[in-house]
Amino acid sequence: MPEIRVTPLGAGQDVGRSCILVSIGGKNVMLDCGMHMGFNDDRRFPDFSYITQNGRLTDFLDCVIISHFHLDHCGALPYFSEMVGYDGPIYMTHPTQAICPILLEDYRKIAVDKKGEANFFTSQMIKDCMKKVVAVHLHQTVQVDDELEIKAYYAGHVLGAAMFQIKVGSESVVYTGDYNMTPDRHLGAAWIDKCRPDLLITESTYATTIRDSKRCRERDFLKKVHETVERGGKVLIPVFALGRAQELCILLETFWERMNLKVPIYFSTGLTEKANHYYKLFITWTNQKIRKTFVHRNMFEFKHIKAFDRAFADNPGPMVVFATPGMLHAGQSLQIFRKWAGNEKNMVIMPGYCVQGTVGHKILSGQRKLEMEGRQLEVRMQVEYMSFSAHADAKGIMQLVGQAEPRRVLLVHGEAKKMEFLKQKIEQEFRVSCYMPANGETVTLPTSPSIPVSVSLGLLKREMAQVPLPEAKKPRLLHGTLIMKEGNFRLVSSEQALKELGLAEHQLRFTCRVHLHDTRKEQETALRVYSHLKSVLRDHCVQHLPDGSVTVESILIQAAAHSEDPGTKVLLVSWTYQDEELGSYLTALLKKGLPQAPS
Amino acid sequence: MKPTHNSFCHYKFPSGSPWSRGSPRPSVSASSPLRASQVVKPGAGPPERVDPAAGRGFRRTDGTRAGAPSLAMDPECALLLPGLCAVLADPGQPVADDTCLEKLLDWFQTVTETGSSLRLLQDNPCLVELLSHVLGTQDAPAGLLSFALRLAGIFGAQESGFQYLQGELLSGLFGDAGPLGQAAWTVPSVRSGWVQGLRSLAQHPSALHFLADHGVLDTVFSLQRDPSLFVASAASQLLAHVLALSMQGAAGSPPAPQDGAWPTCARRIVGHVEESLCSTAAPQVTQALNVLTSTLGRCHGHWTKALWAQLSPLVARLLEREPVPAAHSLVDLLLSVARSPVFSSADSGPWDMAARTLSRLGPLQAGPLALGLLKLQHCPQTLRTQAFGVLLQPLACVLKASAQAPEAAGLLDGAPGSSVPVDSLLSSKSACVGLLCQTLALLEELQPLPQRPSPWPQEALLGAAVTMLRLCGGGAAPASSLGGRLCRTLAGCVRVQRAALDFLGTLSQGAGPQESVTQVFAALLECLESPDSSPTVLKKAFQATLRWLPGPPQPPSCCALSPHTLLFLQELLPVLQKRLCSPCWEVRDSALEFLTQLSRCWAEQADFRRALLASEVPRLARQLLQDPESYVRASAVTAVGQLSGWGLQPASTSPQHPGAQQGLLGELLHILTTDSEGFPRRAVTQVLTEWLRAGHADVAQDTEQFVATVLQVVSRDLDWEVRAQGLELARVFLVQTLGQPGAGCPYAVGLPVASSPSALPAALHALGRVRLLDFALCALLDCDRPVAQKACDLLLSLRAELARRGGLQEAGGSPDPAAVEAALRGWRTGEQGQPLGELAPAAMLAVLDAMDLEGFRGRLAESSDRVERSPQSLLQDMLAAAGVRENQADCY
């Protein structure tokens, strides 16, 4: 029985490290290879030992697909390919291929720098891993091998994020990765065609949420930043290198321009140049507005945002600084935080999630006395959290399901309780089954793949002759003989099949005996049967043959005397399989007996 | 608002009971008195344990948990614990982060590994209170329930802790009345917590009795078929563990499990395994085989021999089924048996079964068994021959199919033929590719092993690898129809190409006749030249080529390259040239990496130098310094820098480039100053350090100016690895200026001493001129720890060297106190980027002496997030998070 099997190793009822195994049409695909930033040990990576208990990974997996560059979707990739030993192809979009190594490198440097981890992937490993990547374009059908093909669709979320359709023969799965159904300042909304996959695997981060207007959040953000700099304070915005940082930059840049503000905005670690480069390079991946204005003004060439130098942190007066990393767990953002934390005029805005163990997590949970570098640090600056993550909300998820029209839906990358709610909603609204496996649980879905069959011209002509004008869009039943040879399926007429295969024809007839109470002679009984059938079956050809037998189409009826009971006649009824229905009807009819002969 | 003890009141025990006053309790029940015999005195020492490291965390079979906090329970944590337990028990307070409970368990695991569980439970009654609260709550959240199960297991791992918790608590948690019967049991994390808790608990005989008394084994048996892979696997592991534990406690070595002498637990598990082995359901057979594999792999007592004697007939019966069920697990089991020291080579049973299995399984399934057997020293020779035959057969088929003449040398000539591999090869493209890739990988693994079969058919294997490359490249013209089909199947198959190139590279370790080597070179060139070769294939082809090229001549430049190698090289360089111009960055990068490694081996070889300089390769490599891809720029920097070091540098070809006018050094400094990516800048600092070390001509012209410039640029770099590499360059300069640190040591005779003690002031002046101390002191306050560490090491070695050479007196008398004070002040405010200014040598010494560099080094040695990773920080975070409105589910 053909089936699709899905086993999440990560992102099954959690928002940790995405890693989902899919088996479809005998092909094994890994969707995303993410890392959990909340762990410092080997638990940060999915447990790849469960992929195959025996044999080499490269032999088992046909490919790995990465949906976008966030570390919870690609962070384990160098580990998987260079340390665990996967040597096969890795597919991702061009922007993801370009940006992925930057974030991996950033993370590696923090792990080695801050935590002093020696057993971690190296820069060379990241490069070697990226060399195994096959970059794909949007809507380009990529043939992984003779049977497996993949196709990327626009997902919004971050630059280069894609949903992937995985197809083997007529079976298909769509994996959304993270996506956003509403356009933001630099990216468009996710889109997919009505591809009717057997299964849609969708993220469900905001499974129960209808998000408030993004405009409100943006207004709030700008207001807070503005108020702080107006009163002479400094604003620190810890961000990850690329992603929502650019969204916030555009937001501030536009605001500064509109309000004609002169307070300096800085971006640390030379990422403005990098971001600029990549956003220029992949301008086709941004939204329509940015693409349109690009000719006369590149939105990523910021007028007000300048490169940050360490010495600037001590400058008097207000300023806004974007600094990495995003969770205040190392490097420049933490250093600036230490300098500014003591002043209540200052503010830190955390635009994203912080894992436990980071300073970001501590201050967001309200801790105001921190021990840092052996000293107590009192946090007097204002601390704000504003989520700018670009995920589809419940409405958006439903919208996507409606767009793709899948036969089933499977939820990942969300919390179990919220998934449960969305699952019911999907099942009610779309009348399709919805699944939400936990990590390590396998969902097996039987499929009914359509098998292409060639029909012989002779058979088609004969069919056409019978019904001259068939309706093009209506399914038609076609009888023929199926020949399976060398992996090909052909439907031909039975005569042609016999000829081709050199077989002799055998006729199969069904027979049945019907006992009738009739004292007359056999010939008379046969005549009575003929008369009865003639009157009942007006649309059929009923004949009384010279030898005394009666025929109705291919059905033959003969009357014989009962060996033991002379008052009973035995009707021998036989018919071919083509007249199975009529044969059964006739037998039933005869069993009811014949009408009384007119006296 | 932070939670307090009061929030616990809804499940307080009746007032007046010892429990309500916080005194130790043996169980949940308020009425059950604490029996003296149940209490193990603190300090009595931990009870016997089977596997102390394997308490929890079934994700890793070795039981290690890298990165677990190492701090034990301290008073601060003990103070925070009651509040935390209250928070955990409060359904209105969601746990801040899904990793917190995991980390909390890590910590408890560490605490109980280093101390007494009983003491911990007695000192912190809130822990038992929490467990009993969870037990008493009908609809406890799945996460909390799972946590409680695992926590109880950790505490119960020591017999004293077990006795303390025994009673309603443990039986409530793990028995029928517990989560087993609740709705939460449908949540995989609860089932997983249950198994993990038991796995931790099962460390002593009392735990075994507990398992037997509470019918736990039946549940574990059923969990082997759990829909969650994690739970099913953990259940099998638990059974193997319990079997080992129960047999460890059994006296003597009874002859067979069915005899009553085996402990009840063991008999039940063996009975279950027997039953499963007879099952027609493949998953059940797999689980049974897995339990056996774990047991026989881990336990080497005599009882395992009796166990195998009883179960091997059932295993043998699996081989009679068509198809053989759970083949992979069967292979694992047989290898586990074969590796077990309990069985000697004289025990023919396991070997006979392995031989039968080899012949019964298809080549794809038999391959790993064949390799496993060949790795065993004591494997009988006949079985080794059979196993090697299994590995060689697919390649023999390829060779035979593509042979031009029937008498051509092949693998397995004269061996009885088998149609199985041929059928497998031709059944479908994916089967063919899978079998060939696996075979090549297994042979690649076998090749370097000392126990590989001898004679090793090197020539035929080379032939097979080359043939496969030709089949994939479409360059083969097989005469037979079988060969034609193989040709069609493998044409353009990247997977087989990659596997064949890896294998070919490994075969370079063995010798081969010249004819074969020529064939190999031709096949490699074909791959490298082919326009159809994918970047990953080209990378592997470059790697294999490097392995086949002869190593550097010893001594260098004394002998010429062989005519064959020279000829190959002459053909290779134009290919390399072409690949350096590839539109794929991956290919350009691999070509540059190849060039770097090639020149590292042969740079001093005259023929190579001539051929390289006559080619366009050096010029093209230099052009790639301006490649749009940063990885390629970095590789170009390394390659060109190295070529230049060996005098193989071309003239710049891009006069419009700003640095080009000043030669390569100028160009590299330009990259260091302006490149927006870290990789090329890192490569530049590495190259410049090498140049300084090797006395490169461009550097030697004005070393001080060179060092000063580099340090100045590097100090402003945003990439800490560039700054760290800058410190390495500073260290090299220091050694060259002052001589090798510790050169005065009598054991260091022969090390170069650049300057005598009398030249010390001059040397210190030189350090001052390049602003080395400025750079190092600034780096000491770097926000990135490795930079600060390296700077600290540098300054410590400088100070030690100066002290060794006579210190202040040699440096030129007393320092100017004002200058020293100013410098120290400047350093302390160094974070603001203030330069120290040029210091007199004596002042420099005084500054170093005044600093607590050792203390600095000590602080830097600790990872900078040690505070955040401490258990106290974890508890504080969890408590703090409880008072905060849950942030919207968010991610990156």
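This is a predicted model: local features need pLDDT of at least 70, side-chain atom pairs count only at pLDDT 80 or more; totals for chains, interfaces and linings use all residues.
The largest nonpolar core has 410 residues. Those touching the most other members are A:Phe221, A:Phe337, B:Leu104, B:Trp194, B:Leu373 and B:Leu688. The element that gives the most to this core is helix 11 of chain B (residues 229–249), with 12 residues. Another core, of 29 residues, lies apart from the largest one; A:Ala162, A:Phe164, A:Tyr175 and A:Leu199 are among its members.

Leaving aside residues up to four places away in sequence, B:Trp194 touches B:Leu149, B:Leu173, B:Phe174, B:Leu180, B:Trp185, B:Val216, B:Thr219, B:Val220 and B:Leu223.

| Helix pair | Axes come within | Crossing angle |
|---|---|---|
| Helix 24 (residues 514–529) of chain B and helix 25 (residues 535–548) of chain B | 9 Å | roughly 155° |
| Helix 1 (residues 75–89) of chain B and helix 4 (residues 125–136) of chain B | 9 Å | roughly 5° |

With a crossing angle of roughly 155°, helix 24 of chain B and helix 25 of chain B are therefore roughly antiparallel to each other. Their crossing is left-handed. On the helix 24 side the contact includes B:Val517, B:Phe521 and B:Leu524, and on the helix 25 side it includes B:Leu538, B:Phe542 and B:Trp548. By class, this contact has 12 nonpolar residues, one polar residue and no charged residues.

Helix 1 of chain B and helix 4 of chain B, crossing at roughly 5°, are therefore roughly parallel. Here B:Leu81, B:Pro82, B:Cys85, B:Leu88 and B:Ala89 of helix 1 meet B:Cys126, B:Leu127, B:Leu130 and B:His133 of helix 4. The contact of helix 1 with helix 4 in chain B has eight nonpolar residues, one polar residue and no charged residues.

Key. Residues are numbered from 1 along each chain as its sequence is written. Chains are lettered from A and ligands numbered from 1 in the order in which they are written. Side-chain values use heavy atoms; hydrogens and water are left out. A nonpolar core is a set of buried Ala, Val, Leu, Ile, Met, Phe, Trp, Tyr and Cys residues joined through side-chain atoms within 4.5 Å. Buried means under 20% relative accessible area, exposed over 50%, partly exposed in between (1.4 Å probe, protein chains only). Helices (H or I, at least four residues) and strands (E, at least two) are DSSP runs, numbered from the N terminus. Contact means heavy atoms within 4.5 Å. Axes are lines fitted to C-alpha atoms, for helices over the stretch in contact, and angles run from 0 to 180 degrees between N-to-C directions. Angles under 35 degrees count as roughly parallel, over 145 as roughly antiparallel, 65 to 115 as roughly perpendicular and the rest as oblique. A crossing is left-handed if the near helix is turned anticlockwise from the far one by less than a right angle, and right-handed if clockwise. Ala, Val, Leu, Ile, Met, Phe, Trp, Tyr, Cys and Pro count as nonpolar, Asp, Glu, Lys and Arg as charged, and the others, Gly among them, as polar.
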